[in-house]
Every structure is written in C-alpha cells, then in structure tokens.
Amino acid sequence: MSQNKKFVEKVTAMEDDFGQWYTDVVKQAELVDYGPVRGTMIIKPYGYAIWEHIRDAIDQQIKETGHMNVSFPLFIPESLLQKEKDHIEGFAPEVAWVTHGGDEELAERLVVRPTSEALFCDYYSKNIHSYRDLPKLYNQWSNVVRWEKTTRPFLRSLEFHWQEGHTAHATYEEAAEETEKMLNVYADICENYLAMPVIKGQKTEKEKFAGAEYTLTVESLMHDGRALQAGTSHNFGDDFAKAFDIKYLDETGKEQYVHQTSWGITTRLIGALIMVHGDNRGLVIPPRIAPTQALIVPIAQHKEGVLDKAYELRDQLKDVVRIDIDASDNTPGWKFNESEMKGYPVRIEIGPRDIEKEQVVLVRRDTGEKEFVKLADLAERLPALLEKIQQNLFDQAYEHRENMTTVATTMDEFQQTIENKRGFVKAMWCGALECEEDIREKTGATSRCIPFEQEEVAKTCVSCGKEAKELVYWARAY
Ligand SMILES: [Zn+2]
C-alpha cells in the first residue's frame, strides 16, 4: 500500500498547478524525456506509439482523399525562403541557420525547414506545365525546426513531427474546396479518434498563416480552460504561385497561375490529448488510438495456473483488441497505478478465484467502474466496452467545453470571465485589428477563430461598440 501511495504522489494535482501536473504526467507516463539541446524532446516508446496511432489514422484519410506521400529535403536555401515576402517575415525570427559544411563556410546560408512551402513551390514551378499536371496532391511526414523561446514537451518544442500537405490546383475554387476538405479530415480525427470536440472556423487576418490568403482552423478546449489550435488548413490563392512563378497552360492554351493550399497537424495533438482527457491519476487515452487498449493484470500470479491462464487469455483476445499483459514481479497495486498512469482504457484482473468461476474483472480507466465478465463473453464485451469509453470521453470533453463557453457582450463581462473562469468567450467583433489587440491587452485572450456556425449575440463590437461584423471565439491559448 505504501508503495502505491508513493507512486501516485509523484503527480501534482491539476487543481493545484496545472502546468506542473502536465509536466509530471508527461514524465511519469514515460512519453518524453528532454533532449540535450534546450527545448528538444526525446519521444519515448509509449509516446511514439501513441503518435503512430494518430499518424496512421490521419495518413489513411490523407490517402483516401487522393493524396500521395513524398519526402522533401531538410534544408532550404535562403534565397528560396526570401521569395514570398510575408512568409519569410513570419518565419525569420524562429529559423535555425546552417552556415558551415564541415570547416567550410557556405556560399549561401541554409535554413533548417520550419515548414516546406518554399521547397514545394520551387519544385512545382519546375514540374507543372499543363492543366494535365493538375491537381498536385502531395503530403509529407517530417520533422521541422522552429527556434522557440519558451518550450514545453509536445506543445512547443524546437523540433516537432508533423505532416504537411502541399497541393496545387487549376482554380481558386478547387483550392478553396481542398482547404475545407482537409479541415474536415482534421475535425474528424480530433472528434472521432481523439474524442476531442473542436470548433471549426477561420483565423482572423492577424492570426492567419504567414503568406496565406486565409487560414481555417479547428480549435479545442483544454481541461484548464485554455484553448489549443489542433490543426490548420491554408488557402494561398495564387500568391505563392506568383512569387515562385508556378504557371500552367490551360485547355485553351492560355497561361495561368496555379492556386495552392497547405495543411498540417503536429505532435502537439498528444499534448492536447493529455490536457483534454487526463486526470490526477495520469493519462486517459481514447481507445481508438490507444497502443494498449486492455492490460491484463494477473492477481496472485505465483499461484499455479494463473499466469498460464492470463497468457491464454491474451492470445485469445489479441485479434480482437490491442492487449498486453503485465507479468512483472511488481505488486498488483503497483500495476493498477501504472496502468492508470499510462491511461490504458481497460484493465483486466484475473486471479485464482476468477479462474474458478471462469470470469475476469474489467475496470474502466475513464470511470473506474468494475464489472465481472464471463471468459466466454469477453471477445464480445471488450470491443463494446471500448466503444462506450470512446463515446464517454467525447461526451465528457464536450460537456466541459459547453460549460466553459461564455457569451460576453461587454468588456467587463469579457475580463471577468477570462479572469475567473477562463474557457471560450463568444463575443462580437467589428473586424478591426485595433479591437483585436485591445482585447488581447486587456484580457490576455487571442481570437481563436471566426466560427463557421455564426450567431448574433449582440449588435455591437465588444471592444469599440461600433457595428459588429461577426462572432468570434476568444480564449487564452497554448
Ligand atoms: Zn471594434
């Protein structure tokens, strides 16, 4: 018992210090370790296994929507990055430069890719000639580097993993359709795999991607009431095409610029997962992306027949669910805590008495509920229970977000809400940059998105009192 207690004490309660709770969980659940360079992370086997499940789900949808995976270089010549003015201005403060190859100073500095628009554009300018070459629907899985000042594992690190889609189309409409299509893919992944409800909308001019005509986003709310941008999809129009001279001959033989998009999601999603579903006992991983969906914990495993039965059970169920067994010599209590820390959706307890009765005990990670299930019914019961847990996690997160979403019609209400409650604030906006900045200054909240589902909660802008143009979701954000 004392051993169990000690194990749990390593995690700070989220009510006491959410930031410390996050750091403790990331460490105790063995997701990451810090790399030798400040702000870099080593993603450990369990963390990487979670990423692989998220990645596979997205990769499948990327392919189903007609895209192909490619791999572009890590380095970008400085001159290439300079071509699109807004783009370089946006990224310049946080790029890592390569100045030497061995002892020799390079004739032209290289950038370690912070994102790969410049490389794809350069390639497209040389490889797109005719309308027959369109659309180009490429995606790459890669790592990128952004020299961030303050860093946190998964949420903001010097280097992170992601996918970046880069597409070229004949018309603006096709690019717009693509931008929305991929946003919907992200929303689907977030809601149906990560059990994380999202608000779909458009970024303001201030918050859009550097060089984009507009940026669409899916925004989620964390347990502490701060928002997190879960994925973005950008329509570039023909701005990059003009900067990089990407032209094609249309069916009438007329020269046209292509229209482009890019879209990405990153290992940040793991950070979101932790902060949406985790609790004071550790991680809670939604079944659909859990590397281990069920963990067998043998009770009194030294007794004859217990381990044999446990292994037999694992072999019977391994085609039905992703199942593992903890046959280490730690106490059952230690194993319970460990499985809770790792967030395995279901724990299966089996001991001598259970074997006698031909049953096991199933324990849900999300609710702690226990049930006895006959061995013969397990292959049917387990998948059904996992689906139930998946749905419950989504419902809980949805309810939390709804409870944490407040309408504000005055700056006073706005400030009070952000100060005392946090969460999303829904407030009307006139569209002026000054008002957006005024709100940020007074509340620390940034505009998260202009939601597709618009409402008119007031007639006037919450900041200046002039006529409002649209409803905006605001929040303090990660
Ligand atoms: Zn205003």
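**Exercise 1.** Work out which residues of β15 lie on each side of the strand, and whether they are buried or exposed.

*Solution.* Start with the faces: Ala294, Ile296 and Pro298 point to one side, Leu295 and Val297 to the other, and all are buried. Here buried means under 20% relative accessible area, exposed over 50%, and partly exposed in between (1.4 Å probe, protein chains only). Next, check the total: 5 of the 5 residues in β15 (294–298) are buried. Strands (E, at least two residues) and helices (H or I, at least four) are DSSP runs, numbered from the N terminus.

A word on the model: it is predicted, so local features need pLDDT of at least 70 and side-chain atom pairs 80 or more, while totals for chains, interfaces and linings use all residues. Residues are numbered from 1 along each chain as its sequence is written, and side-chain values use heavy atoms, leaving out hydrogens and water.

**Exercise 2.** Find the strands that pair with β15.

*Solution.* Pairing requires at least two DSSP bridges between two strands. First, β16 (residues 323–325) runs parallel to β15 over 3 bridges, with Ala294 opposite Ile323. Then β17 (residues 346–350) is also parallel to β15, over 5 bridges, and Val297 faces Glu349 there.

**Exercise 3.** Identify the protein donors of the zinc ion.

*Solution.* Look for N, O and S atoms within 2.8 Å of the metal (3.2 Å for Na, K and Ca); water is not among the atoms, so sites may look incomplete. The SG atoms of Cys430, Cys435, Cys461 and Cys464 lie 2.3 to 2.4 Å from the zinc ion. Along the chain, their spacing reads C-x4-C-x25-C-x2-C. Finally, compare accessibility: Cys461 is buried at 3%, whereas Cys464 is partly exposed at 34%.
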